[in-house]
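Work through the exercises below with the model open. Try each task before you read its solution.

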Amino acid sequence: IEAKDVLEKYVNPVGGASKLAEVTATKMAMELEVQGQTISMVTTRKQPNKFLLIQKFPAAMGGMEMKQVFDGEKGLATSPMGDQPFTEDQIKEMKYSSSSFIELDYEELGMTAEFNGVKNLEGQQVYEIALSSEDGYTSVRSYSVDTGFLVKSVQGGQSAEFQDYAEANGIMFPHTVIVSTPMGKIPAKVT
């Protein structure tokens, strides 16, 4: 098996290459609970390479709003503590991670895909693929052997697990994303 085969096995069940290629933007609204408080997040990706993340915190956590904006060339994080331009490393990561469907875009982005074998991920057999670029960006992605769905992604020291795939506008998206943080794993649910 080759990396290309695994990536195609993902693309087909989530909607197919032609359907995914028609997508010009995706928007996902999620809620997660931290210390008994609900935080809302809205992530918007627009082809090519544009990204917006808005996080809203409840009054008990300061009632603040934080944003990350990437226009394909530069980025900015805004918070009550001020604006912070993205570093070179953050810009490099966003150029790749802002893609709605990197499984279709990786070659166009100048990345290579390497098949790392079949692994056991918490009792589930997965195909592990490493996507990498010449400038040092790497994303290790694990796809279910049974369904083809993406079940885990590790990039830039951050990991996320994807569960509960459901259809939205003819495309299968995960409706639970479990983010690993220093406080442990925190599930976020699509609203």
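**Exercise 1.** Locate Ser100 and decide whether it is buried or exposed.

*Solution.* Start with the chain. Ser100 sits in the loop between α3 (88-97) and α4 (102-105). Helices here are DSSP runs of H or I with at least four residues, strands are runs of E with at least two, and both are numbered from the N terminus. The model is predicted: local features need pLDDT of at least 70, side-chain atom pairs count only at pLDDT 80 or more, and totals for chains, interfaces and linings use all residues. Residues are numbered from 1 along each chain as its sequence is written, and side-chain values use heavy atoms, leaving out hydrogens and water. Now take the area. Ser100 has a relative accessible area of 17%, so it is buried (under 20%; exposed is over 50%, partly exposed in between; 1.4 Å probe, protein chains only).

**Exercise 2.** Find which residues Ser100 touches, not counting residues up to four places away in sequence.

*Solution.* List the contacts (heavy atoms within 4.5 Å). They are Thr26, Arg45 and Gln47. Next, look at the side chains. Those of Ser100 and Thr26 are joined by a polar contact of 3.2 Å (a pair of N or O atoms within 3.5 Å; within protein, one able to donate a hydrogen and the other to accept it, with residues adjacent in sequence counting only if both atoms are side-chain atoms).
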